[in-house]
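Have the picture open while you read.

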Amino acid sequence: MAAPLYTTASGLLFHAGKILILTVGLPARGKTHISRALERYLRWMGVKTQVVSLGDYRRKTLGGTKKLPPDYFTLGEKSPETMALRKMVSDGCEKLIEDFFEAGGQVVIYDANNGSRTTRQALAEKYDKQGIHVIILESVCDNKEIIETNIRNVKISSPDYRGWDPDKAVEDYYGRIRDREKSYETVEETTWPFIRIINVGEKIMVNNIRGYLQSRIVFFLMNIHNRPRMIYFARSGQSLIEHSYKADSDLSPAGWEYAERLKEFVVERRAKSLEQRGFDPNDRRLVIWTSTRRRAHHTAWPFLTPTHSTSIPQQLPLAAAAPPQSAVARNVVTTDEAGELTETKATADSSLKVKVIEKTQMSEINPGVWDGLTPDQARKFYSEEWARFVKDPYAFRAPRAESYHDLSVRLEPILIELEREKEDLLIIGHSSVIRCLLAYLIGLPASEIPAIEIARGDLLEVVPTSYGVHSQAFHFWDGPGRRGEGVDGDGDQEEGEVGKSRRDETNFYENYAEDTKGKKRMTAMDIGFLSPSMREGGEGAMADGT
Amino acid sequence: MDHTNEDHNRVHFPILSSELTAALGAIEDMADGTDAVPDSVVRGRPPAIFRAGGPMLKQFDQSTASSRKGSQAPTPPRSVVGIGNKVAKPDYSEAKIVLAMVGLPARGKSYLSNKLMRYLKWLEYDVQVFNVGQLRRSRAHHKAQQSGILEDHTSSYFSHNNVEATKLREQLAEDSLEMLIRWLKRGGNVAIHDATNSTRMRRAKISARVAKEKGMSVIFLESICNDPAVIAANVALKVSSGDPDYKDLPREVAERDFLRRIKEYEAVYETITEPHLSYLRITDIGNEVTLSRINGYLQSRIAFYLMNLHVKPRNIFLSRHGESQYNVEGRIGGDSPLSERGLAYAHALPELVRNNIGDAPLIVWTSTLQRTIQTAGELPYPKLTWKSLDELDAGVCDGMTYEEIEQAYPEDFANRDEDKFNYRYRGGESYRDVVVRLEPVIMELERQENILIFGHQAILRCLYAYFHDLPQADLPYINVPLHTVIKLTPKAYGCDEERYTLPIGAVDTHRPKPGSTLSPPDVVPASTTKREYFGTNI
């Protein structure tokens with residue numbers, strides 16, 4: 001919920017009215033993945049959005065598969081009891097939909113199979129009469145691999161199959177799909193606007209889509225995918241002068257050390273995570289995004305240079321000049337805005353395929369007149385503004401500065417590219433930027449963005465899953481600058497531990513994040529708790545978020 | 001610390017300790033001297049420590065210069081000497097897309113082609129439209145001049161039954177496609193094949209031809225128009241705007257012939273249904289869109305852009321803020337209030353706007369800086385404040401005069417003039433950065449109807465360049481004077497422009513490119529709405 005450009009009295013944005021998106025598709029076609037991703041994005045745009053998941057509702061009210069009557073999912077004549085149960089579940093979902101619209105919601109994504117034309121028609125007509133725009137969103141998969149992966153990774157770990165033998169569960173699930181396939185009617189009717197997504201974003205067909213919000217939805221859907229990947233976040237290294245936006249200063253010695261350490265740790269951590277998930281790290285590329293600020297793209301430098309290089313590469317490092325002990329990738333840095341365009345030239349023996357891209361939109365938050373001031377100075381000289389900042393640190397814009405809201409708006413194209421990126425991604429960024437991106441991925445409300453603590457020396461690992469993201473923080477570095485100590489803290493390792501007394505008093509936004517007690521320190525536990533993936537039994541992740 | 005590491009450090013920061021001391025000294029000086037810095041007290045407040053142009057920042061900058069050089073990335077972007085740096089053009093070298101139009105005559109194909117071209121060029125893609133009609137006309141023209149034989153290009157030429165002409169037209173389409181592919185191979189990104197491409201057979205040919213080229217893909221873009229009023233307007237434009245096909249013909253005759261030509265096409269027209277093609281179908285410009293098999297980043301952007309277009313008549317007004325106090329002092333950037341003359345401009349605006357637009361709805365956009373908000377202050381229309389419309393951030397040079405910049409950072413000053421579009425102020429932005437940040441504004445502008453934008457010089461230059469399709473190199477030198485409202489009226493092939501200069505004096509903040517006697521971009525393009533009938537490619 002971060003970036004509406006304006007607000008309206010009705011709470012509805014973009015003159016789009018209320019929208020009900022009905023998902024259509026056989027089980028394990030990525031409907032939930034698409035629904036959740038769309039929900040996250042629309043919420044971030046400020047549109048009040050809610051996924052209503054029939055499966056989740058059924059599990060919540062009736063329990064897992066084993067508690068259901070045997071004819072619940074099978075084809076053919078059902079007993080009156082089962083019919084009543086099914087009706088109760090769908091009525092319950094419709095009630096949720098109506099409640100949400102009544103409470104001022106704008107978009108509901110009804111995540112259900114909706115495989116029968118008459119069901120769809122009845123639903124659509126009912127809500128159309130209430131003045132709600134109905135869009136049919138069909139997800140079709142002809143790629144068996146995607147379906148199988150989806151079943152293995154998502155479905156059998158769902159509460160329905162708690163305690164089942166995995167292979168039996170998969171078989172049972174395939175059985176469920178087969179029965180549905182017999183009665184499934186693909187969307188051919190053109191009564192309602194519809195979007196058909198083939199293989200989760202591989203192809204897309206759109207019909208009768210009108211208006212900005214709807215075109216935005218299509219644009220978003222065109223850019224998502226569910227290829228497994230990892231997203232990492234790390235701060236840039238300590239710079240010679242930490243608290244000036246304008247100085248654009250370079251890394252300090254500790255910063256360079258940090259950069260080296262970061263590379264080692266990312267390589268190690270990523271290899272572990274990929275192996276856990278059954279991937280070979282050597283097959284995959286790592287894309288690194290940085291801002292155009294020196295300290296950010298220089299932090300990515302070790303990724304491009306031989307591990308223990310003793311020479312400054314003047315041009316592209318040549319394979320011949322590389323030291324023998326480590327495999328070297330010859331890589332290309334681009335200043336590209338759109339991504340995906342420059343091929344990495346990696347040597348044959350390379351163990352690390354890396355591409356570094358600088359993005360102008362990823363500069364840190366602009367502190368305006370507060371540039372270089374300590375919080376004390378700001379409070380003293382700009383008492384009025386300071387009071388407003390403390391009251392609403394997300395929306396308040398100091399003179400000449402950007403608010404977090406402005407920053408979120410600026411980062412919007414980055415989010416689309418983030419969704420699009422198929423390779424593993426490492427974002428080396430400024431903490432303000434990481435805050436916004438992380439809040440988007442995790443689905444945190446905007447008001448919490450300024451308080452997210454991003455410690456230098458932590459690597460955040462975010463793994464997109466079908467219900468949201470799974471995130472973890474790994475601590476890898478304790479040197480100077482970890483929590484904003486001044487450059488003079490160099491070398492004294494003992495005090496490096498979370499020492500409030502030693503932090504840099506001038507580091508404005510960081511101090512704010514650290515000082516907000518009881519708020520988010522991004523540890524593995526916290527993030528896990530916030531992650532919607534932990535709530536899959538509920539009726540909707542972050543249901544309290546609106 | 002082992003030997004390798006030591007070595008490593010030495011290489012990265014050769015004179016580390018001394019420069020760190022200098023930097024720290026600079027910081028301490030600044031901390032001590034906060035209250036003593038004269039001349040910068042804005043609204044009775046102390047300056048920021050890293051006040052733009054402040055001597056401390058400069059001192060710091062010099063003290064760390066060697067460390068910066070040592071840590072330059074091995075490939076661009078390379079920092080230029082001094083404070084700012086220059087950024088290379090984004091690398092789009094692998095984007096190679098053929099966009100083939102499909103549609104009956106007078107369905108807005110050329111309109112869409114030109115619009116897309118302008119948008120993508122503005123985003124620095126290399127784009128060219130290959131118009132088959134242009135090729136036909138210029139070849140016929142050429143032939144007529146050489147041999148005196150006038151080809152008959154009336155409707156019978158376009159009849160499917162005219163075997164001879166059909167063959168000729170096939171040949172033209174193929175030649176045009178070959179030219180287009182050659183151009184893409186030479187480094188273009190998006191080539192638009194502007195022709196009717198109305199049959200399955202023709203499309204199959206195009207698709208087969210492009211498939212032979214590695215790395216190229218083709219998207220068909222079909223424009224369907226069901227609104228008779230829009231078609232009639234398109235037809236009228238066609239026959240009345242000097243199309244050489246209808247030279248010396250009375251209007252009615254021309255119109256009749258053109259309608260017959262459409263009939264000829266309709267007879268064989270097949271809308272796209274081929275399931276294996278990637279296509280985008282637009283019905284009544286932006287009202288309804290069908291996408292099929294569209295993937296890729298650029299493709300999705302094109303689709304999103306096309307979904308946001310409309311053709312309702314409207315005006316876009318651009319105006320800089322009234323003269324500000326910084327303008328008077330010759331300073332750049334800042335957030336100063338209006339001067340007295342600037343206030344007079346703000347006061348005179350409501351009448352000017354009302355005279356122009358009457359009772360039509362209008363939305364006013366301003367930046368977040370007070371000079372634009374003040375300028376819009378007296379206008380009785382809904383207003384929207386955009387952070388993205390703020391002036392180009394001059395970083396360390398913010399608040400300085402050009403003379404001061406020249407004195408403090410002489411090399412930068414020179415570098416900037418060398419390549420003003422790419423020059424990024426230290427801690428600030430380049431024109432290219434501004435273009436990136438304005439992209440969402442352009443998208444929103446395409447969706448809206450009457451809009452009045454109060455912006456800043458650099459911002460309006462970027463927006464203006466989008467509407468008039470001006471090249472990046474000229475963009476930073478476009479003359480956007482103070483106290484002038486520029487009215488742009490989007491038309492089929494560009495924008496009509498009118499300027500209203502209020503008789504309220506203001507300083508001139510325009511700096512022409514030094515050493516250049518030519519100043520074409522300073523000249524206002526009177527109108528870019530004229531259609532090119534012959535094109536440049538023969």
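## Rings, charges and a bent helix

Start with chain A: Arg86(A) has its charged end over the ring of Tyr72(A), 4.9 Å from the ring centre. Sitting "over" a ring here means that NZ of Lys or CZ of Arg is within 6 Å of the ring centre and within 35 degrees of the ring normal. This is a predicted model, where local features need pLDDT of at least 70, side-chain atom pairs count only at pLDDT 80 or more, and totals for chains, interfaces and linings use all residues. Residues are numbered from 1 along each chain as its sequence is written, chains are lettered from A and ligands numbered from 1 in the order in which they are written, and side-chain values use heavy atoms, leaving out hydrogens and water.

**Aromatic pairs**

- Searching the whole structure turns up 21 aromatic pairs over all chains; rings of Phe, Tyr and Trp (its six-membered ring) pair if their centres lie within 6.5 Å, with planes under 30 degrees apart called stacked, over 60 edge-to-face and the rest tilted.
- Take Trp44(A) and Tyr440(A): their ring centres are 6.2 Å apart and their planes at 80 degrees, so this pair is edge-to-face.
- The pair links distant parts of the chain, 396 residues apart: Trp44(A) is in helix H1 (residues 31-44) of chain A and Tyr440(A) in helix H14 (residues 431-442) of chain A. (Helices are DSSP runs of H or I with at least four residues, strands are runs of E with at least two, and both are numbered from the N terminus.)
- Trp44(A) counts as buried because its relative accessibility is 4%; buried means under 20% relative accessible area, exposed over 50% and partly exposed in between, with a 1.4 Å probe and protein chains only.
- Tyr440(A) is buried too, at 2%.
- In chain A, Trp370(A), Tyr382(A), Trp386(A), Phe389(A) and Phe396(A) make up one aromatic cluster.

**A charge over a ring in chain B**

- Arg118(B) has its charged end over the ring of Tyr466(B), 5.9 Å from the centre.
- Tyr466(B) counts as buried, with 1% relative accessibility.

**Helix H13 of chain B**

- H13(B) covers residues 340-357, which is 18 residues.
- A kink of about 35 degrees lies at Ala348(B), shortly before the proline Pro350(B); the bend is the angle between axes fitted to the seven residues ending at a residue and the seven starting there.
- Buried residues of H13(B) include Tyr345(B), Leu349(B) and Pro350(B).
- After H13(B) comes Gly358(B), with a positive phi near 65 degrees.

Notes: Expected span 1.5 Å × (residues − 1).
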